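Good morning, and thank you for the time. Please have the sequence and the model open.

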Amino acid sequence: MSRLAVILVVVVVIVTGCTGGSAVDGRTMTEAQALARVEQIIKETVAVVRPEPRLDLYAPSLNSNMCLDPTDGGSEDRIVVNRSYYLRGIPQGKISEVVGQIKKHWEQQGYYISGVSANGRNMTGRSRPDDFLLSLLSAYDGDDVVLSMGASSPCIWPDGTPEPSSSG
């Protein structure tokens, strides 16, 4: 497995365990709504990037994940919806500029930037008011740096409501 793939897997695992939810035991958005929001965040962000990158889906992000260690104290029976894409076609000399464009866009959207790496090429944040976790990562793919961007939903019930209890 390439170093980039390992980094992306680690980020997906971290994201899965660290997203909060707004509805502990009540109604949440559905899996389809969460996926639509994840895709909206990514596509709106990429639309402001110049030169415009080609999105290359990171296939392991197609699977929804269990809500591990929910920060909201709610059920672990919920799921988290993720998507990650490589941003292909960005010239090596433009990587830092593109990261700056994405950071500016996120700030203009009112998103909270929660972390930026020392080299400025890795960034995490949260959308407001819906608290989707955002990530922008740079990693080496051979001799080249490639950016990847991901978004993850808070913990949700797949159908938007808690599953009926078998004890009731």
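The buried residues of helix H2 are covered by, among others, S1, S4, H3, S7 and S8. Before going further, this is a predicted model, in which local features need pLDDT of at least 70, side-chain atom pairs count only at pLDDT 80 or more, and totals for chains, interfaces and linings use all residues. Residues are numbered from 1 along each chain as its sequence is written, and side-chain values use heavy atoms, with hydrogens and water left out.

A word on terms. Helices (H or I, at least four residues) and strands (E, at least two) are DSSP runs, numbered from the N terminus. Buried means under 20% relative accessible area, exposed over 50%, and partly exposed in between, with a 1.4 Å probe and protein chains only. Contact means heavy atoms within 4.5 Å.

To return to H2: this helix has 17 residues and reaches 24 Å from its first C-alpha to its last. That is close to the 24 Å expected at 1.5 Å a residue, where the expected span is 1.5 Å times one less than the number of residues. Its buried residues are Ala34, Arg37, Val38, Glu39, Ile41, Ile42, Thr45 and Val46.

Next, the sheet. Two strands pair if DSSP finds at least two bridges between them. Six strands form an open sheet in the order S1-S4-S8-S7-S6-S5, with antiparallel pairing. S1 and strand S5 (112-116) stand at the edges with a single partner strand each, so one side of each has no neighbour in the sheet. From one strand to the next, the twist averages 25°.

Consider S4 in particular. Six of its seven residues are buried. Four bridges join S4 to strand S1 (residues 54-57), and Arg54 stands opposite Arg88 in S4. Six bridges, again in the antiparallel sense, pair S4 with S8; there, Tyr86 stands opposite Ser148. Further along, strand S6 (residues 123-126) and S7 pair over four bridges, with Leu134 in S7 as the bridge partner of Gly125.

Which residues touch the most other members of the largest nonpolar core? A nonpolar core is a set of buried Ala, Val, Leu, Ile, Met, Phe, Trp, Tyr and Cys residues joined through side-chain atoms within 4.5 Å. Of the 23 residues in this one, they are Leu87, Ile102, Trp106, Leu136 and Leu147. Two or more residues come from each of helix H2 (31-47), strand S4 (82-88), helix H3 (95-108), strand S7 (133-141) and S8. H3 gives the most, with five residues.

Leu147 has contacts that include Tyr85, Leu87, Val98, Leu136 and Ser138, not counting residues up to four places away in sequence. Ser138 is found in strand S7 and, at 15% relative accessibility, counts as buried. With that same exclusion, Ser138 touches Arg121, Asn122, Val145, Val146 and Leu147.

Finally, the disulfide, defined as a pair of cysteine sulfur atoms within 2.5 Å. A search of the whole structure finds one, joining Cys67 to Cys155 at an S to S distance of 1.9 Å. The pair links distant parts of the chain, 88 residues apart: Cys67 lies in the loop between strand S2 (65-66) and strand S3 (79-80), and Cys155 in the segment after strand S8 (144-152). The torsion about the S-S bond is about 70°, so the disulfide is right-handed. Both Cys67 and Cys155 are buried.

Note on methods. Axes are lines fitted to C-alpha atoms, for helices over the stretch in contact, and angles run from 0 to 180 degrees between N-to-C directions.
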